[in-house]
Amino acid sequence: MSEVTNVAAIFGEDVFNDKVMQERLPKKVYKELKKTIMEGKALDPTVADVIAEAMKNWAVEKGATHYTHIFQPLTGVTAEKHDSFITAPREDGTVLMEFSGKELIQGEPDASSFPSGGLRATFEARGYTAWDCTSPAYVRKDAAGAILCIPTAFCSYTGEALDKKTPLLRSMQAINEQSLRLLRLFGNTTSKKVTPSVGPEQEYFLVDKQKYLKRKDLIFTGRTLFGAMPPKGQELDDHYFGTIRQRIAAFMKDVNEELWKLGVTAKTQHNEVAPAQHELAAIYSEANIAVDHNQMIMKTLKKVACQHGLQCLLHEKPFAGVNGSGKHNNWSITTDDGINLLDPGKTPHENIQFLLVLTCILKAVDEHADLLRESAADVGNDHRLGANEAPPAIISIFLGDQLEDVIEQLVNTGSATHSKTGDKLSTGVKTLPEFSRDATDRNRTSPFAFTGNKFEFRMVGSRDSIASPNIVLNTIVAEAFSDACDELEKAEDFDTCVHDLIKKYATEHQRIIFNGNGYSDEWVEEAAKRGLPNLKSMVDAIPALVTDKAIGMFGKFGVYSEVELRARAEIQYETYAKAINIEAKTMIDIAGKQIIPAVIGYTKSLADTINAVTAAGGKAKVQVGLLDEVSDLLEEAKAALGRLIEADKAAESVEEGEKLARYFHDTVVPAMAELRAPVDKLEMIVDKEVWPMPSYGDLLFEV
């Protein structure tokens, strides 16, 4: 029997959290730090020295030998450089262990070795990391020992953001300021801070490590570039919420315990739709902490998987033919005194503040649908969005029957007089109690769905940082709040003005509301009639970053400068081109060195069999037919391989940036599909013992 886990006892034990700070910091220092966290006040260097010493002593007691400024460069993953606490040897041969306030507050990694979109040249190496004291430091324990991890922002020598955290913090400032403006207009004088809260749901696949190591495509690209569907996939819906296998359960137990110790509120775990697919969800936290925690979750999933002889796959589409993985980003706005601005209450038609917030969000999403779509753009997501397993590439908002009815009343009559309510649901079984039914259903095909007191943005890719979508959400809503406040603050009659503004926003942006089936062809046609953008690929979505509209909005709120936006667009194009290039070269390598030689060997075996059978006077009609079929497919595969090699080679002469990304999308990706088609057919014919890599059945069901 396994040991009993006392969650309350271990939760946060490796985090330099508020409880630890109160115990270890002088009262005055603690108050100064809390003021910095709550009010954004600058931290005095002498105070930083005291905090650094206390943090170091606490970490050393937990076995830490090194510290690191952990940051989130534009690669989408975390980066870190480890420094030991050793400062200098003493004359007596002992060593001095120190950690100063300067070392806590500021670091200096090489800025030119990370993607910068031209913000940093190779010879311009200096960059800085700055301590984000709003996200707690923690001690991470792994094969390297115990490391004190300090969450930081990352910027260039000239001040531009080179990371995901800096613009996220800027966007949080923007929505805080504009939300407080709005609340003050409604008479709220007590709330001091408004924070976007985020609860991400993380999907992932687990496969056997030894089988994974026999698939070069998984190793180099994170997804299978070849693979025929097994006889059974997800058709029976028997994996979703099914009993968790013991090997996977043991893995999940260890993941939970590691995350709980790090203060991550791992809450929900279950099997997902596809075989070998699972999900982990955390409880809501402030947006920047939620982003940090989600990065920690992904890192922990991969680390613990290795300890269990497994490999965690975070790619959005590791297997063709079964559901891919996403990351649902649940977003709301709450005050420091517990008010959720997205809580409609029991009678939303009477909740004027909520209706203004809601219609502002309609306005924000409608006006910046392209930007929100771009925030979820990822090479892997191109395989997933719009594929009847994830939201379509068209941004729309699901409100549900209750709120859609309220909006229709506002648009049609100018006022809302009633709200639909839930009722009692009877199962027809006397021993089961009646229970309340919500006033509205849910819609899993919607990319941006209202789910009671929050919006669920369902487009985000499973391996992506959730920073980008939250930066966009925070900023576009801040802009909508700002526009509303500009009108209301100069109004002579507030009540009339707010009523008119709600009706105006609801009427002008009603087109973004869609409660129907987002998977249907009819919706694609309807969305086009409404004028909603349908950005089907990452390459199509990237230009949204550098429109005049986006540059103006982000600049107004100080979230991104024009230079920072253009750099990010350049990085996105470069990322797409590099990812597809790696996939193409991997296909070329596998097809040329593994698959085609294996099939040639199989045809020789067939030919030898035919000769032996006919020499013995027997009929070899089946063998001959099989040889002809395999030979035809082999010829098709070899020709497709040649075309892919030519297409990939031709990319070298294409200008870098958008042109190169579009070339890979329009030319190389179709050439890859042409090579895959005959190879997957061959896998269904060639002897399994001859096929050079584990099949989908091996990977998905032998875990």
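**Figure 1. Salt bridges in the predicted model.** The model holds 41 salt bridges, each defined as a side-chain nitrogen of Lys or Arg within 4 Å of a carboxyl oxygen of Asp or Glu. This is a predicted model in which local features need pLDDT of at least 70 and side-chain atom pairs count only at pLDDT 80 or more, while totals for chains, interfaces and linings use all residues. Residues are numbered from 1 along each chain as its sequence is written, and side-chain values use heavy atoms, with hydrogens and water left out.

**Figure 2. Salt bridge between Glu23 and Lys19.** The closest N and O atoms of this pair are 3.0 Å apart. Both residues belong to helix α2 (residues 18–24), and because they are 4 residues apart, about one helical turn separates them. Helices (H or I, at least four residues) and strands (E, at least two) are DSSP runs, numbered from the N terminus. Glu23 is exposed at 54% relative accessibility, and Lys19 is exposed at 59%. Here buried means under 20% relative accessible area, exposed over 50%, and partly exposed in between (1.4 Å probe, protein chains only).

**Figure 3. Salt bridge between Lys211 and Glu702.** The closest N and O atoms lie 3.4 Å apart. This pair links distant parts of the chain, 491 residues apart: Lys211 is in helix α7 (residues 209–212) and Glu702 in the segment after α22 (696–701). Glu702 is partly exposed, with a relative accessible area of 42%.

**Figure 4. Salt bridge between Lys504 and Glu508.** The N to O distance is 3.5 Å. In helix α15 (residues 494–508) the two residues are 4 apart, so about one helical turn lies between them. Lys504 is partly exposed at 41%, as is Glu508 at 45%. Elsewhere, salt bridges with shared partners join Asp14, Lys62 and Lys141 into one network.

**Figure 5. Strand β6 and its partners.** Strand β6 (residues 127–131) has a covered face of Gly127, Thr129 and Trp131, and an uncovered face of Tyr128 and Ala130. Strand β5 (residues 106–107) pairs with β6 in the antiparallel sense over 2 bridges; two strands pair if DSSP finds at least two bridges between them. Thr129 in β6 is the bridge partner of Gly107. Strand β8 (residues 145–156) runs antiparallel to β6, joined by 5 bridges, with Ser156 of β8 opposite Gly127.

Figure 6. Phe241, in the loop between α8 (216–221) and α9 (246–261), has phi near 60 degrees and is exposed at 55% relative accessibility. Ala276, in the loop between β10 (266–271) and β11 (277–282), has phi near 70 degrees and is buried at 3%.
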